[in-house]
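Q: Walk me through the inside of this one, please. I'd like a close look at a single part, with the cut-offs spelled out.

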Amino acid sequence: AECRGCDPGKWNATVKGDIEWVVLKALEKDPRRRYETVTGLATDLQRFLRNEPVRAHPPGQIYLFTKFVRRNRLAVSSVTGIIAALVIGIGMALFYYDRERTAKGEQIRLRHIAEEARMNESNLLAKASIRAYIAKAAALMAEGKNVQASAQLRLTPLSTIEPSLETEKVLRSLGTWNAANGRWEEAAECYALLTEAGRLSKMDEIRATKDLVAVGPVLIEGGHLDDYLTYRKQIVSQLDKLSLLKSSEHLIKATLITPCDPELLLKLKPIRDQYENDFAMARLVEKAEQGPISLWKIWAISLYEFRSGNFEKSIEWGDRAVSYPIRNLALQAVSHAVLAMAHHQLGHAEVATEELDTVRTLLALVFKPEPISRLEPIGKDSGVIWDWVVARILFREAESLMKNPRGIQ
């Protein structure tokens, strides 16, 4: 270190490594581990000077690689630079690719938001326009201009009308008015929307009003039989609530005005039994000449028994309905219609014909030559228009049935 004019510590670090290994090998006590000849020592020193691995150093991958790098510094530096450039280039490319992909994704998201905003704006404008139609129809109805109100409502597709209390009131009123005037298609459209599953803001409202009875016959008369069957299924699926109605006789009237399957009858049986119990209780507390609380319940049992194929029981209950002094003519019409079909099924052709003629005579009071344009066509307590339509539906069924000589339903 003195000869070289440097710090001993630095010089000691400099000579460590291959030179140290060469010196230690030359000084080995065991002759077998020393250099065999001076030539071997000289060769190792020359290898050190050429940056080649010396024989005195333990072999190893890192040691050999380090020597290779020292011998080929320029080539290794070039390759390392190329590799670094490639890595940096690829990294930058991936960075900008990911950045561009994120930007495109954001553009797509913003585009969707803009399109959704435009659609919402269009929907709001459409709803505002529809509300304006409804409001105008309501105003026309308030002025007694029902024809114009109905025409106004039909300016927009009914399926686009959103449910609201005002909309339901307009649809219900127009449905009633159209039906009372024999405009069955228009009435059916109003009630089809009113009863569409999931569109009513208050599902209980239709069950607690005359709608329960009105919807079925209107849909059938308007040619919407499939809508009626859907409506019937909807009603029966909620029997637990319907059975609590004060006017529960509306239930069977609403669901059995056309033939049905045994499954539906089975679901309705508890209601039929409730009617019979109501009849029995009424006989205990009322005078005989006053009859039960509701003759419609008696007729409902007659209709239920007929749909169940119990024709004798149907006649028994039907006779009760027509024998009481309370003379609701619509009730008489529907009762005689069911009696005509039940007698026909039992082979009582003459009685069946007489019953059917009675129904025909009663229907002529309302539907001939033109339908009477009133909610109660022939006066108070003689039946509303829905009851008369039910009678006409049953009359047509009886006529069709009685054309079959074998009486097969």
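What percentage of the 409 residues in the protein is buried? Then zoom in on the largest nonpolar core, please.

A: Buried residues come to 39% of the 409, where buried means under 20% relative accessible area, exposed over 50% and partly exposed in between (1.4 Å probe, protein chains only). Bear in mind that this is a predicted model: local features need pLDDT of at least 70, side-chain atom pairs count only at pLDDT 80 or more, and totals for chains, interfaces and linings use all residues. Numbering runs from 1 along each chain as its sequence is written, and side-chain values use heavy atoms, with hydrogens and water left out.

Now the core, meaning buried Ala, Val, Leu, Ile, Met, Phe, Trp, Tyr and Cys residues joined through side-chain atoms within 4.5 Å. The largest one holds 69 residues, and V218, L256, W299, V334, W386, W388 and L394 have the most contacts inside it. Helix 19 (residues 385–402) is its top contributor, with eleven residues; helices here are DSSP runs of H or I, at least four residues, numbered from the N terminus. The protein has 19 helices and zero strands.

Take L256: beyond its neighbours within four places in sequence, L256 touches Y228, L264, L265, L268, L303, Y304 and R307, a contact being heavy atoms within 4.5 Å. Another core lies apart from the largest one, with five residues, including V170, L171, L174 and C190.

As for confidence, mean pLDDT (the predictor's per-residue confidence, 0 to 100) is 78, and 75% of residues reach 70 or more.

How values were computed:
Helices (H or I, at least four residues) and strands (E, at least two) are DSSP runs, numbered from the N terminus.
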